[in-house]
Amino acid sequence: MPETHLVTGGAGFVGSHLVLALLARGDRVVVLDDLSTGHAAAVPEGAVLITGRIGDPDALARAFAHGPFASVLHFAALSLVGDSMREPYRYLAENAKNGLALIEAAVAHGVTRFVLSSTAALFGAPTTIPIPEDEPIDPGSPYGESKAWLERALIWAERIHGLRSACLRYFNAAGADPGGRLGEDHRPETHLIPLVLDAAAGRRPPLTVFGDDYPTPDGTCIRDYIHVADLAEAHLLALEALTTRSVRYNLGNGTGYSVREVIATAERVTGRRVPHTVGPRRAGDPPVLVASSRRIREELGWAPRYPELETIIAHAWAWRQAHPDGYRQPR
Ligand code: UFG
């Protein structure tokens, strides 16, 4: 039986790929997005787009009028670690306020399944690497803290109202739809792989490597890059699990790559040099974030289809080559 889902932030990078996956299995999707960072052109054909803010009761009412919803999936949020160190109270307040308003509306409209886009930034100085779900939550940034608050709020929503939730902690979402329909287009772009690729293409100035004095083998930060299509697949499995219980999963490949390794891999994939210089550290960046995804592999049978960094970068490169202006039409 096809289901109808509400996806906030469905015009964004990870959200749009999940919308595509839901539509592909025959479900109906309503997207609520204020298009502050997302793009109307990223909302796959077949989904209904409601343009508006979660904090606007009228927009929320317009979205819920398309229900009843089998689930609410909440992607819309301020999501940059570095920005959150400069504007901590905006990050804490906005992410918490919008998340709580959405949880409350979901409960009021009888929704029983809620999926939260959570983050590796819950773990600021992890003691176990790869990081399992039982690692103590100790965010390294206000961004991570805001997601930790919402994970806690969802525990109360279940205790008091019976709302089941999946908190999916993405490590570094990257890549693009293997079919070339969607890709990554942030403005401004702050993420490593798109910046590396644009530097390789000569579309941006040389990349600045944020610090090479970290306690890692080559001195640059290590991250676990996970293909956005594999993240989308994990959401579909989590929705199944939510028919019986709430879940918390760390989502990554379990392999970390340093900034220098990402640059070297991108040079191999593109056949071009990536011009770069080394600058100071960026506040809030933990040296190493690598996920243990053993729990979701064992419990739900999730297995990434595109675990290789080469493939992740190749898909991102293919989309960028086909869409040098991203979702914006060239003038
Ligand atoms: N980096 C550079 N130069 C740049 C951009 C990034 O050296 O110009 C480095 C960063 O310092 C970091 C790594 O590349 O070490 C990855 O940085 P990103 O900005 O691509 O990603 P983050 O790890 O900061 O953050 C991302 C998401 C967060 C999420 C986090 C979880 O944006 O929402 O992954 O690991 F919380």
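Mentor: Begin with a strand pair: β4 and strand β5 (residues 113–119) run parallel and are joined by three bridges. Strands here are DSSP runs of E with at least two residues, helices are runs of H or I with at least four, and both are numbered from the N terminus. Two strands count as paired if DSSP finds at least two bridges between them. This is a predicted model, in which local features need pLDDT of at least 70 and side-chain atom pairs count only at pLDDT 80 or more, while totals for chains, interfaces and linings use all residues. Residues are numbered from 1 along each chain as its sequence is written, and side-chain values use heavy atoms, with hydrogens and water left out.

Trainee: Which residue of β5 does V72 stand opposite?

Mentor: Strands of a sheet pair through backbone hydrogen bonds, either parallel or antiparallel. In this case V72 stands opposite F114 in β5, and the bridge partner of L73 in β5 is V115.

Trainee: How many bridges join strand β1 to β4, and how many does β5 form with β6?

Mentor: Strand β1 (residues 4–8) runs parallel to β4, with four bridges between them; L6 has V72 as its bridge partner in β4. Between β5 and strand β6 (residues 164–170) there are seven bridges, again in the parallel sense. One point to find on screen is L116, which stands opposite C167 in β6.

Trainee: Which way do the side chains of β4 and β5 point?

Mentor: In a regular strand the side chains alternate between the two faces of the sheet. From strand β4 (residues 71–74), S71 and L73 point one way, V72 and H74 the other. From β5, R113, V115, S117 and T119 point one way, and F114, L116 and S118 the other.

Trainee: Are the residues of β5 buried or exposed?

Mentor: Buried means under 20% relative accessible area, exposed over 50%, and partly exposed in between, with a 1.4 Å probe and protein chains only. Seven of the seven residues of β5 are buried, so the strand is largely enclosed by the rest of the structure. The four residues named for β4 are all buried too.

Trainee: What is the strand order in the open sheet of three strands?

Mentor: The order is β12-β9-β14, with mixed pairing. The edge strands, each pairing on one side only, are β12 (257–258) and β14 (288–289). Strand β9 (residues 222–223) runs antiparallel to β12, with two bridges joining them, and I222 has S258 as its bridge partner in β12.

Trainee: Now the ligand. How many residues surround the ligand, and which are the closest?

Mentor: A residue is counted as near if one of its heavy atoms lies within 4 Å of the molecule. There are 22 residues around the ligand, the closest being T119, N172, T208, R282 and D285. An oxygen atom of the ligand is 2.7 Å from a polar side-chain atom of N172. A polar backbone atom of T208 lies 2.8 Å from a ligand nitrogen atom. The protein buries 93% of the 680 Å² that the ligand exposes when taken alone; such areas come from the Shrake-Rupley method with a 1.4 Å probe, and for residues only the protein chains shown count as cover.

Trainee: Why does the ligand lie between domain 1 and domain 2?

Mentor: Domain bounds come from an automatic or database domain assignment. Domain 1 (4–171 + 225–250) and domain 2 (192–224 + 254–328) both give residues to the shell around the ligand, so the ligand lies between them. The largest share of that shell, four residues, comes from β8.

Note on methods:
A polar contact is a pair of N or O atoms within 3.5 Å; within protein, one must be able to donate a hydrogen and the other to accept it, and residues adjacent in sequence count only if both atoms are side-chain atoms.
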